[in-house]
Every structure is written in C-alpha cells, then in structure tokens.
Amino acid sequence: MNSILSNKNKVLLTLLSIKGPSFRFSCLRFTLAVKFLRRTVCENICLNHSKLLQEGEQRGIGLIVGVILRYGTPATSGHDKSLSCTQEDRAFSTLLVNVSGKFFEYTLKGEISPGKINSVEQNDMLRKVTFDPEVFFNILLPPIIFHAGYSLKKRHFFRNLGSILAYAFLGTAVSCFIIGNLMYGVVKLMKIVGQLSDKFYYTDCLFFGAIISATDPVTVLAIFNELHADVDLYALLFGESVLNDAVAIVLSSSIVAYQPAGLNTHAFDAAAFFKSVGIFLGIFSGSFTMGAVTGVVTALVTKFTKLHCFPLLETALFFLMSWSTFLLAEACGFTGVVAVLFCGITQAHYTYNNLSVESRSRTKQLFEVLHFLAENFIFSYMGLALFTFQKHVFSPVFIIGAFVAIFLGRAAHIYPLSFFLNLGRRHKIGWNFQHMMMFSGLRGAMAFALAIRDTASYARQMMFTTTLLIVFFTVWVIGGGTTPMLSWLNIRVGVDPDQDPPPNNDSFQVLQGDGPDSARGNRTKQESAWLFRLWYSFDHNYLKPILTHSGPPLTTTLPAWCGLLARCLTSPQVYDNQEPLREEDSDFILTEGDLTLTYGGDSTVTANGSSGSHTASTSLEGSRRTKSSSEEVLDRALGMGDQPVSSRGTRLVFPLEDNA
Amino acid sequence: MERQQRFMSEKDEYRFQHQGAVELLVFNFLLILTILTIWLFKNHRFRFLHETGGAMVYGLIMGLILRYATAPTDIESGTVYDCGKLAFSPSTLLINITDQVYEYKYKREISQHNISPHQGNAILEKMTFDPEIFFNVLLPPIIFHAGYSLKKRHFFQNLGSILTYAFLGTAISCIVIGLIMYGFVKAMVYAGQLKNGDFHFTDCLFFGSLMSATDPVTVLAIFHELHVDLDLYTLLFGESVLNDAVAIVLTYSISIYSPKENPNAFDAAAFFQSVGNFLGIFAGSFAMGSAYAVVTALLTKFTKLCEFPMLETGLFFLLSWSAFLSAEAAGLTGIVAVLFCGVTQAHYTYNNLSLDSKMRTKQLFEFMNFLAENVIFCYMGLALFTFQNHIFNALFILGAFLAIFVARACNIYPLSFLLNLGRKQKIPWNFQHMMMFSGLRGAIAFALAIRDTESQPKQMMFTTTLLLVFFTVWVFGGGTTPMLTWLQIRVGVELEEELKEAPTSHQEANSLEKNTTKTESAWLFRMWYGFDHKYLKPILTHSGPPLTTTLPEWCGPISRLLTSPQAYGEQLKEEDVECIVNQDELAMSYQEQAPSPCRPPASLSLAQKASPQTPSKDNIYEGDLGLGGYELKLEQTPGQSQLN
C-alpha cells in the first residue's frame, strides 16, 4: 500500500514539474499572438523576447511550483525511524526486514552523516520531488552535451580551434584558480566575522572554483543565433562553453580526488597534487579516446554496411553507439559526459557523412528534441530546487563574494588570454568581442549538476545554494541584457556571409580573386598553427577516406606498399567521384579544411535565413541563393580548379545545415 | 542460513554505481548486434527471423553466458531482521551500524518462500529489471505508436469487426483458456504434481486473460513488407492493439476479484464488482487518453505553434506522456490511456501539426517503438536464464499450448461466422485461417506475467508464458511466409495500384462501398461519423465545415470563436470540403512511407500520382450527402499538395 501511494505521488509530482513546459508554451503562445497582431517592425524583437524568456520563464514556472510544494503541502510525518535492531557491523546493499510476519526488501541508498539524522527530509512530498542527482549525469546531461558536440559549427570551430582550446583549458584553469583564491579570502573573512559554522578548506574553495567555471551561455547563444551575430564570436563562445563543461567536470573530479597523505589532510602536498594533475590528464584523455573510438567504430560500421537503406536501423544504431560511449566510459571509470561530447564531434565529422539523408535529419531531430526536453527539465528543476531542497545554507557574505569572484575570474580569464591570442592571430579578437565574451559568462545546467552531485557537507551545501543563486542571476539578468549589450558594443548583427562576405573575413575575397594560391596558403599557415595544418592534411588524406565515402581514394594517398589494405578500405564511391578529377586533386588537399569550412558556413547561413525569416518569399530567396552559390562554385572552379572540393564539400559539411 | 557479508566502503559504492552502466552496456551491445543481424537478414530478403526474434536469440545467448560463465560467488546478504517495533513498512529506513547511519529505501515485499532462492547470483540479480519498468517505460511508447499508426481508413471501415474480435474475442479466449487450464490443473493435482488448493480457478482465469493479449509484430512486419491485403492487415493489427488494452484491464480486474469467504467459490457480488471495475477502468482510461489528445488538438489549433516544429514536437510528446502519467496517478491504466490518446492524436492533432512536426513525431515514436520492442524481446531471452524462480511443469506447459490454440480457434471461427452474417464483404476462409495462425504472444503477455511472480502459480505461469512467446514468435513468425502462399492470400497489393484503380471504377466502386459501409458499420458508427465530421473535426482541427454552418443558430458566438479562419477560407472553394474529410488518408498514406524507407521513389510517385487526379465532383457530392462513405476514397488533400 505504502509503495503504491508513494509511486502515485511521484507520478503526480513528475506531472507537476512536467507541466512546466506546457505552461511555458502558453506564455510563448501569448507572445506569438502579440507578434501576429502587430506584424510590424517589432516582429523580431518580440520573437527574441520569447526566445530570451525561454529559460527564464522555465525557471519561473519551476519556482512557482516549488513555492506551492513548499508551503502548500502539509508536512507529512517522516516515516523515518532510526533503528538499532541490528547486531551487524556492516551495511548490506540489500536488507530483508521481517515486519510482523511480512518480509520487505530494502536497498541501500546512502550513508548519512550522524548530525543530519534529524534533518533528513521530513516532508515526504518534498522528498519525492527531489531527484537523485545522478539522474542529471546519467540521463539529462548526456543528450545535451552530445547535441552540443554534434552541432558544433565545424567551419568556424576549426578555424578558431587554437583560441577555443586556449580559452577552454587555460581559461578554465585560470578562472578556477582565481575564484578559488578569492573565495578562500572570503571564507577567511567569514571565519573572522564568525559566520562560518563548519569547516571550509582550501580544496573546497578550489572545488567551488571548478564547478562555477563551467559556463553555459545557452540564452546568449540562442539570441546570437536569432540575430545572426558575428559567426566568429558565436563559434568562440559556443566552442568555449562546450569544451569548458568537459574541462570543468574533469577538473572538479580531480580536485575531489586530491587527498594529501599524512596527517594534515588539507595542507599542500606535492605528490598528491601531481597525482591530481595526472588524474585530470588521464581521465580527460581517456574519455577523449573512448569517445573518438566509438565515433570511429560507428563510422566504419555505417560505411561498410549498407545500413543506409534502412534509416530506422541506422538511427537506432547511431543512438545506441553514442549511448554506449557514455556507458562504456562510465563503466571504465572515465567521465561519460566528456566521452559523449567527443563522440558527438567525431560522429558529426565522420559518421554523419555516411548516413542516408533521412537518417541525417532523423538523428538531428532526435537529439534536438532530447536536448530541448532535457535542458528545459533541468532549468525547471532548478527553480524547484530552490524551495524543495532542504539543506540550503544562505550566507550573504559568501554569496556576494562568489558574485565578485566569478566576474573577476571571468575578466582575468578573457582579457589576458585574448591579449596573448591576439599576438598570434591574424584576425584579431576585437575589444567589443572581448567585452561580449566577458559579459556572456552565464552559468547553467553543468554548474548546477556538479553542485547538486554532492551536498553532504556544510561547505558543499553552501556552494550549492550559491551556485543556484548565481545561475538564477546570470540567466535572468545577463541573459536579459544580451540584446542591449550587443547594440551597445556595436557588434554586427544580421551577418549574412552569403550575400556580402564580411570585410573581416578576407578569405572569401581571396577565394574569389584570381587565384593567389600562395596568399591563401600563407593565411592558413599563419592562422592555424603547424600542428593543426598537419591534422587537417592527415584528416583529409587518411581519416576521411578510411571512415567515410568521401575524400581522395586511399590508393593515391597511402604509400604503395600498403596498396592492398588501401584498396580494401576505400569505398567504390570514391573512385567514381575521383575519376574525372584526378589531376586536380593534389592542390586542394592542403586547403581542404578551409574550403570545407567555407562551404559549411554557406549552407548554415542559408538554413538560418530561411528558418529565421518565415516569410512567403523564402522559396524565392532560396532559389536565388542556390543560384548565387552555384555561381560561386563556378568562380572557384575557374579560379583554382577545385570544384571537386566544393561539390564534395556539400556532402562533407552538410551536417551543419541544421545547426541553426 | 549461509551468508557472506560485504562491506560497502566508498569504493564499493563506486563500483555499485558503475554496475548499472555495465548492465545497460550489455543491453546496448545486444541491441547493436541485433540491428546488424537484422540488416543482414533484410539485405538478403531473409524473412524467417524478425528483429524481435533475433533480439530474443541474442538475449538467450547472453543469458546462457551469464548463467553458466559467471561464478555465483557474490552472494548478497540474505539476513532477515526482525523488527518487532515496526508495525508497518516505512518507505525509508535509517539503520545505525557501528555509528554509521545508513539509509535504506523500500523496494518491495517478498513472500516468505522466496527468501532463500532470493539470495542467488548477484550478477543475475543485477540483470533483472524491476517489472514496473516495462509498464512505465517500455510499453507506453510501443502502445502509443501502435495507436498513432493505426491505418485509419481501413480501421474505421472494419471497426465493427475489430471491436468484436477485441472485446468478445478476448473474453471468449480468456474463459476458454481458463477452463482448459483448470482441467489441466485438476489433472496435475490428480497426478500428484501439484498440491490441491494451490492453483485456484481465478489463477487459471488470470492466466487466460494474460495469454489473450496477442501481439503479432512479426507477422505484421512481414505483411507490411509483402503488402498483403490491407483488410487482413487492419483486422489483425486493430485486433492485436485493442486486444492488449482489453487484456491488461481484464487481468487487473481478475486479480482484484477476491470473494469474501471461500476463494474458490463463486461470489456474485465480487464478480459484479470485478466487472464494474473492468468497465470503470476501461472507460476512465479511454476518457483520460482522449481528453489529453483533445487538449493537445486544441492547443495546436489555437496557437501558432506550428511555426516552431521543435516546440510542437515537444508539446506533443509531453502531453502524450502526461496522459500516461495522469492515468496512472488516477489509478487507471496508463497504457490503455496512452493507446486511445494515440488514436485520438492521430485523428485530430495530427492534422494541426506542421509538416515538419508530422514527420518528427512519426519518426520519434517509430524510433522509440523500435528500441523498446527490441529491448523487451531481448530481455525475454535473457529472462529465461537469469530469472531465478522458474518452475517448469511439462503438463502445464503442454496444457497451455493446447489451450491457446483451442481458444484462438474458438475466438476466430465463430466470431467470423457471426460477423460474416452482417458483413457485405465477407471475411473469407483463408483470412480466418491466417488470423487463427497469427495468434502470436508477445510483449504484453510477458510484461503482465512478469509483473507478479511472487506465488508459485504465478511463477509457473511466467515460465509457461515465456516458452509460449518463444515458440510462437519463432515458429509462427518464421512460418508466416509459407503460410501466406499456402493459403493463397493476395500479396503485393500496392497502395498505388489501388489508387490507379480508384478513378477508373469510380462510380460503381463508390456506390458499392457506400453500401458496404451502410451494412457493415452499424447505425451507431454512422452516427459517430456524422458527429465527428460535423462537430469534432471543425472544433479540434482546421478542417471540416465551419461550425457556424453545422451548429444551430443559438450558439453562434461559440461556433465563431471555435472555427478557425482557415475553415471559412476553405469553404469558399467547394472541393476543399472534401479534402477535409480525407485528411485521414493523408495520414495513412504518409505513414505508409515511413516504415518502408528504402523505397522513396515509390512514395514519391504515390504523392505525384495522387495529386493529378482532380477530385471528381460526384465523389464530393457523395461525401457531402454524407453517409460516411467518404473516408473510403483517397482524393487530393491539402497536405499532399504541400508534399509536392
């Protein structure tokens, strides 16, 4: 009886929290109705408004439900009783209890610190709405992260790879360290003032620094996408935030793993420190390898089977393989979320090209829906958690300190790094871009999930409360201020590289000019470092032909002695593609990366345009666009004879089409 | 009592968590293997093994490995603690063990005699799902997808027959199986294999009801691939879908049938209570499911949500899921609610969705259906070895095999005979034989059987069900193609052909079909058609005649409010009135493409072929004169013009 009742409660409450989104739809509907009534200039603004409200609204609903649950439900008696009827000295994972002739099975949930026994959730109802934090890591975050990886805009992503990696790795480390130090100062201050009632170590501060370094500017990115803000800025922000999350997860778990030997467990210990660094590197590279390997396996499977005749099977295989990555990484003790991210990137880069057209749209849409649901669920749960979580520790000094720290941390991360990067970059990161990046330091799902994962100790509870407030503040205030900020910083919006190639992006002019191949070579050389160029050519010469149906046949790129292997790995399509253009192959290999990228950008923007405008003229525009792009292709063909690249480029980069 | 104690240090706990990942991983790999095998089979046009059969084979192999290759060392605690202080079972238990307090969560109640086998192989224990997962996670998408993809045109044409088979047929089959099994149980008692009083008549009926849920996925997949006669397909599919709903509710009502004194005696009050329960739950679930679908239809109609396909898909998904959850929360049957929600969504909401969303929802649920179905069948294979309380009883199993065939025969032949009296378009003998043959058991029977395996009879039933499912899926599923040829059932009935034929033999076909409809569907159905067309469609979708014309004068304002502007616009053009009616067909033909994806040209040509036929006027008038024959003809629909 008891179980039935509790089950129903859970169902009902899940229902309540699920209702959140549908309420939100009605809000959205309202804004849209307004939009349709006016149909004036403010159309775009209104639309933005609704987009912008998306996360905020979600949380608003969550908050409301949280308030209702907190104060509107009677505090039903806790059924918890501390028993002392065991003589055992161990805890079992399963327990059979004989209660007046009936046998009941209990499973171990966790250990409770002795001081907390009384405060174990008294309100049954509230406890039911509190999810196991592992749900976030095992169910909700993977689709979000996978989708992010799967939809990285490859063209701009690869062009800015160096900067993105610098921001993500160095930047996160810097930010973590600075926030940790500042918070340590705050904690010391609190100790002096006497506000601290329990222990708070330096490692705790660093841990806080690590979890709060995971930026998640969904709101800002949605607005950028809507307004077609500068693509470079978009790529920088998006790439940074995606990799950021991965770094922050691994960083926080390696900080947790930092356990100095000896008596003083919170002093600095070089050995333990290096062990932590080792763990960081090990987990990160392990997860990376795991993700990349399963991506490659999927690519091979889809390449060598004729699975594309059955899109359903193909989609299912794709989904299962990607999910396996996560499970495999978790089972091996790596971080599943990181593995899934790199799996997503690999899948987009290779497997996507092997899929049938229908499967492409299916996988895109499937992960889009999953991502959408999961993200909204997390955000609405955040609102709920503010009230239903029962161990909040609000400490004003700590919270204010944290706010100051995250801004300083962000500033200390963006400006110096941008300065250093600008030394090496041809195409500088402008001041307004830097300000915008500084401004877009929103915190979101990842920080929340990391903070809620462990709320056993006092310090962790304080962190959780602070993280929650920071997420609220940044999403509502900063997210809401994006559009004004964009106009205030004079950042170009409505960039449509298809119509007018942006002046800052001179590779286009180079491309269409009469063939200074050398100039382009220089550009590529200067912008991306030697390592990346090496990677590009390796990717194009060997990986793409092995893993996909495109690229030059392996028989030409591989040395003669492995001819047999090459022949067996090359798909017949490649020969067909290759036949007429054998001579021209050689000179585009180096620039393949660049060209693919440009093409990708084009199609992306086309997709943006048509989805953004929603006007009757879409089809007209579309036809015009295709015409212009075909002209472009012609231009290129005349220019340096790399038409094959563009035609193949379509296929390679098609994935990006839906990114909008 | 032997026990080995395991200390749950933090490290163990870590391992404990990751165990979950490993189990899921095993399932993932099984499914991946299944997919690849199925591709191989499909590629070589090898129709003997459906993907569900393949999944079962892999599950079996994995179960065999797990059973015999893993050492049963890891025995978990089987200690029984006596807590005299507790009068009830709390949902959370805090236990103080040497100054560490552990929190335990309530899992389930265990009957007494299961305690010792309970401490078995820990790995096998881990690989065993909570049976509620089937009902809460895996079955809903399958059932919703079934409802969402019912071929409405033929479905409504055969509605009467389908309902008869589903309701009467299931009842007959349940009673027949119950009686036969009771006979066998008596024989077993006589033979000394069973103690008297262990196995009541209600248990037999319970077995009968859970065995009545047919699930011919395998057969249907083959039918679909071979384009078997659509009427047969619809009869089978519709029957199996509704069958499941009936069987679930029936099982539930039988399990709550508890006479006051003697559990074996007949108690009229308890019986009528059970019947009332059946009706109440069925009607309640039906109402809940359709209510949610109606809400979805209204929401999608009156918002401009169709501009954002993703939001639309999200809303659709969430509301359909809500139907399930709220039915469960209200004490009804979520699966039945979800089934009717699916049917209603397909009937109304589908027409309001944007083209993109139509595609997305179809594909989403198709995908979920595929995964869930294969997981269940894979798990079935696994369960044969990993479930630890199997009771194999040869006599009972033999009896069950006999019983299901007899019951299927008692269900199909007499009912078909009765139906043929009323039907103009008779159900021929070979169809009846085929239906008799397609009495496969599948996911629902398994899920119902595994839900309760506490008592000994229930364990015996579970084992028997498992074996029956294996046998029917492999043998009958594999024998479908030979059976089809042997029974000389028309295959290769292309939809296109029908379309081609349609305009030529328009007149006579039309009048003929109208007649059939008249005789076939009773007065009630015709009334429903009219009501649906005149009131429900205009209210819930953008199609249908404007309400201002169909509703009486005095509710003018409401009707004006509820009619969408599109409806007025369409009324101006005469032909469009007809389009509306045919919206269903679009859904149907559209969905036709989805499962057979490797032939995109076919579906394309279908759309192109359909559009040039200008809707012939007479047909429109027929439709308008309105006997409900209108859904028999495929005409140009607004959706199709968008398609081109």
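Which side chain meets that of R460(A) in a salt bridge? Select D204(A), whose side chain pairs with that of R460(A) at 3.6 Å, N to O, a salt bridge being a side-chain nitrogen of Lys or Arg within 4 Å of a carboxyl oxygen of Asp or Glu. Because R460(A) belongs to helix α17 (residues 458–480) and D204(A) to helix α7 (residues 202–212), both of chain A, the pair ties together parts 256 residues apart in sequence; helices here are DSSP runs of H or I with at least four residues, numbered from the N terminus.

This is a predicted model, in which local features need pLDDT of at least 70 and side-chain atom pairs count only at pLDDT 80 or more, while totals for chains, interfaces and linings use all residues. Residues are numbered from 1 along each chain as its sequence is written, chains are lettered from A and ligands numbered from 1 in the order written, and side-chain values use heavy atoms, leaving out hydrogens and water.

Colour by accessibility next: R460(A) is buried at 12% relative accessible area, and D204(A) is buried at 10%, where buried means under 20% relative accessible area (1.4 Å probe, protein chains only).

Now select E366(B) and R362(A), whose closest N and O atoms are 3.1 Å apart in a salt bridge; since E366(B) lies in helix α14 of chain B and R362(A) in helix α13 (residues 357–388) of chain A, this pair joins two chains. Both E366(B) and R362(A) are buried.

Key
Buried < 20%, exposed > 50% of the residue type's maximum accessible area, 1.4 Å probe, protein only.
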